[in-house]
Amino acid sequence: MNDERFSLVCRSLVCATSLLVASGCGSSDGTKGSHIRTPIALQAGQIGMIVGAGGPENKGTDQVDANADGKVDPPIPVLEALLDTPMDVAFSPEGRLLVIDWNGHKIRAVDADGNLAFLVGTGKEGDGCEKPAVDGKCPIDGTELNHPTDMTFDSDGRLVIAAWHNSKLKRADLKAGLVENECGDGKRNFAGDGKTCKDANGLDQVTFDLPSSVVFDKAGNLLIADQANQVIRRIGAADGIVKTVAGNCPGSLGFGCTAGLGYSGDGGPATEAKLTNNLGQGTDPQGKIALDAQGNLYIADTGNNVIRKVTPGADGILGEGPPEEEIITTFAGTGEPGFSGDGGPATAAKLSSPTDVAAAEDGSVYIADRANSCVRKVAPDGTITTAAGSCGHAGMPEDGAMATETVLDSPYGVALDGKGGLYIAATHNNCICKVLLPK
């Protein structure tokens, strides 16, 4: 994840939505003061950078960003911010853009003035609290994180964080300014199915191993990609019970469930299938998930070089009905790493270490084809194409270029804003890109 492979220097930068830059978009000469760079306007099909200075020389932690000194520091213009291997983005209920600064150990957010501000995490790698706790919770500006990889909002507007290397789920009440450990004891193993996250005395009962992704279904159940355990687990909205809904871990005695590794189960119950994601101490985030409007679950089965799909039973809620009704299939990829298949069926195409998926309202599915350094799209009819980047070629994206005529470097995350914007965590470019999708 600390790969320094970059071929070009960052040039100019992008335009986000009006939510990101209240003063409007425009180019500049990149100097400080009154000439601070602002994102440029995008036309349909174009790509540009919306957060991060980008490039190898602009990787790291901003001195003006929260830096473990126990105080919230001033926001910084979005295109001057230094990101360190950004992993993904998300949107708050009111439309605010949040960015996971993975190796910076924090979550940052774009404010109404178009600046990137501190949100969660002091920047110090850890799991402690640098300020006195309040009712057992840590003040948001004193919270330590260890490589967060994903985030989502619950129905009460609280931010749920996949604190990956903490092997916990954390929940931030942004209004109250407090963070708590929601689930997971941090021990990195597989335990707790059939139990609630905490017992009657508030003691942890569930163990994850590198939870890489979180998403709520339409019933309020929280689905978690438990990466190194090779399973997708669920916390029930009604009873709080944790259960496995895809993949299986026969047993785990340490880092990773090696007995759960494999590529099998298509056409049968999802809980009898095998998935493959990297495990151990030195791995990278993999195996992220997404849900579509029909309740279908898409899994980036990274080590198998495929995207898997789990269809719920007659009730439409994964984990509610009989397991034999919840069927897993391969949605994209052949299982062999490589790049091929554009213009044909997704199941006949080759992917290379896909790490993330995003489902659009029109039924399309976008894939972070990470090792191919591009983003692929599977249309509702099952046809696969390239949506961004030049698959098989890594480099620095060019602002204003057509998305399929430029390059990216190891995009780990993809997200959609529901307004025609495709957001790409261009991880080794140290920036966040946006594509204005053609209508």
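Analyst: Here is a walk through the cysteines, pair by pair.

This is a predicted model, in which local features need pLDDT of at least 70, side-chain atom pairs count only at pLDDT 80 or more, and totals for chains, interfaces and linings use all residues. Residues are numbered from 1 along each chain as its sequence is written, and side-chain values use heavy atoms, with hydrogens and water left out.

A search of the whole structure finds four disulfides (a disulfide is a pair of cysteine sulfur atoms within 2.5 Å).

Take Cys 183 and Cys 197. The link is left-handed, with -90° about the S-S bond. It connects distant parts of the chain, 14 residues apart: Cys 183 is in strand S11, and Cys 197 is in the loop between S11 and strand S12 (strands are DSSP runs of E, at least two residues, numbered from the N terminus). Cys 183 counts as buried at 0% relative accessibility (buried means under 20% relative accessible area, with a 1.4 Å probe and protein chains only). Cys 197 is buried too, at 10%.

Cys 374 lies in strand S22, and Cys 391 in the loop between strands S23 and S24. Cys 374 is buried at 0%, and Cys 391 at 12%.

Cys 431 and Cys 433 are another matter. The sulfur of Cys 431 is 4.1 Å from that of Cys 433, its closest cysteine sulfur, which is too far for a bond. Cys 431 is buried, at 0%. Cys 433 is buried at 0% as well.

Terms used:
Helix = DSSP H or I, 4+ residues; strand = E, 2+ residues; numbered from the N terminus. Buried < 20%, exposed > 50% of the residue type's maximum accessible area, 1.4 Å probe, protein only.
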